[in-house]
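I opened the model today and kept notes as I went. Entries follow in the order I looked things up.

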Amino acid sequence: MKFFIVFAALFAVALAAPAEHHAEIVKQESDVQPESYNFVSETSDGTVKSEEGHLKDVGTEHEAIVVHGSFSWVDEKTGEKFTVNYVADENGFQPEGAHLPKADH
């Protein structure tokens, strides 16, 4: 009897769980070189990610990668589109977006 109660409870939870979100890739491009790369990816749900990176000060003790990119998505409930643009370099990850708080300097 315990087994049936546990099974029934698990079955009810499984039925109550939200349906899985499925998105298909509609665009995917990339180019990788020895000292740089870039890519763009877009899915059918409106999610877009693009990024490019390159090495700077190659061959020196200050060699570092600098990355510029953005990603955006559409909120499933409100339909609002959000976008984050960013730079990542020797100063860390620096995101910007209309929905993100601004840092006071």
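**Entry 1: strand pairing**

How many bridges pair S3 with strand S4, and in which sense, parallel or antiparallel? I counted nine bridges between S3 and S4 (residues 64–74), in the antiparallel sense. I count two strands as paired if DSSP finds at least two bridges between them. Helices (H or I, at least four residues) and strands (E, at least two) are DSSP runs, numbered from the N terminus.

**Entry 2: ground rules**

This is a predicted model: local features need pLDDT of at least 70, side-chain atom pairs count only at pLDDT 80 or more, and totals for chains, interfaces and linings use all residues. Residues are numbered from 1 along each chain as its sequence is written, and side-chain values use heavy atoms, with hydrogens and water left out.

**Entry 3: confidence**

I checked pLDDT next, the predictor's confidence in each residue from 0 to 100. The protein chain has a mean of 84, and 80% of its residues reach 70 or more. Over residues 6–11 the pLDDT stays under 50. For that stretch the model has zero contacts beyond four places in sequence; contact means heavy atoms within 4.5 Å. Where pLDDT is low, predicted coordinates should not be read in detail.

**Entry 4: overall layout**

I found one helix and six strands in the protein chain. Along the sequence they follow the pattern α-β-β-β-β-β-β. The six strands form an open sheet in the order S1-S2-S3-S4-S5-S6, with antiparallel pairing. Which strands stand at the edges? They are S1 (25–32) and S6 (92–96). Each has a single partner strand, so one side of each is left without a neighbour in the sheet. The twist averages 10° from one strand to the next; axes are lines fitted to C-alpha atoms, and angles run from 0 to 180 degrees between N-to-C directions.

I also looked at burial: of the 105 residues of the protein chain, 12% count as buried. Buried means under 20% relative accessible area, exposed over 50%, and partly exposed in between (1.4 Å probe, protein chains only). Of the contacts with a separation of 6 or more, 14% are between residues 24 or more positions apart.

Seven bridges join S2 (residues 36–43) to S3 (residues 48–56), and the two run antiparallel. Ser-41 stands opposite Lys-49 in S3. The hairpin of S2 and S3 has four residues between the strands, and Gly-46 there takes a positive phi near 95°.

I then stopped at Glu-51, which sits in S3. Its bridge partner on one side is Phe-39. Glu-51 also stands opposite Gly-69 in S4. Is Glu-51 buried or exposed? It is buried, at 16% relative accessible area. What does its side chain touch in a polar contact? The partner is the side chain of Tyr-37, at 2.5 Å. A polar contact is a pair of N or O atoms within 3.5 Å; within protein, one must be able to donate a hydrogen and the other to accept it, and residues adjacent in sequence count only if both atoms are side-chain atoms. Beyond four places in sequence, the contacts of Glu-51 include Val-67, His-68 and Tyr-86.

**Entry 5: two loops**

Asp-57 is in the loop between S3 and S4. Its phi is near 55°, a positive value in a residue other than glycine. Most residues other than glycine have a negative phi. Asp-57 is partly exposed, at 42%.

Thr-78 lies in the loop between S4 and S5 (81–89). At 58% relative accessibility, Thr-78 is exposed. Its side chain reaches the backbone nitrogen of Glu-80 at 3.2 Å.

**Entry 6: aromatic rings**

I found five aromatic pairs. Rings of Phe, Tyr and Trp (its six-membered ring) pair if their centres lie within 6.5 Å; planes under 30 degrees apart count as stacked, over 60 as edge-to-face and the rest as tilted. Phe-71 and Trp-73 are stacked, 6.0 Å centre to centre with 20° between the planes. Trp-73 and Phe-82 have centres 5.4 Å apart and planes at 20°, so this pair is stacked. Phe-71 is partly exposed at 30%. Trp-73 is partly exposed at 30%. Phe-82 is buried at 17%. Ring pairs link Phe-71, Trp-73, Phe-82, Tyr-86 and Phe-93 into a cluster.
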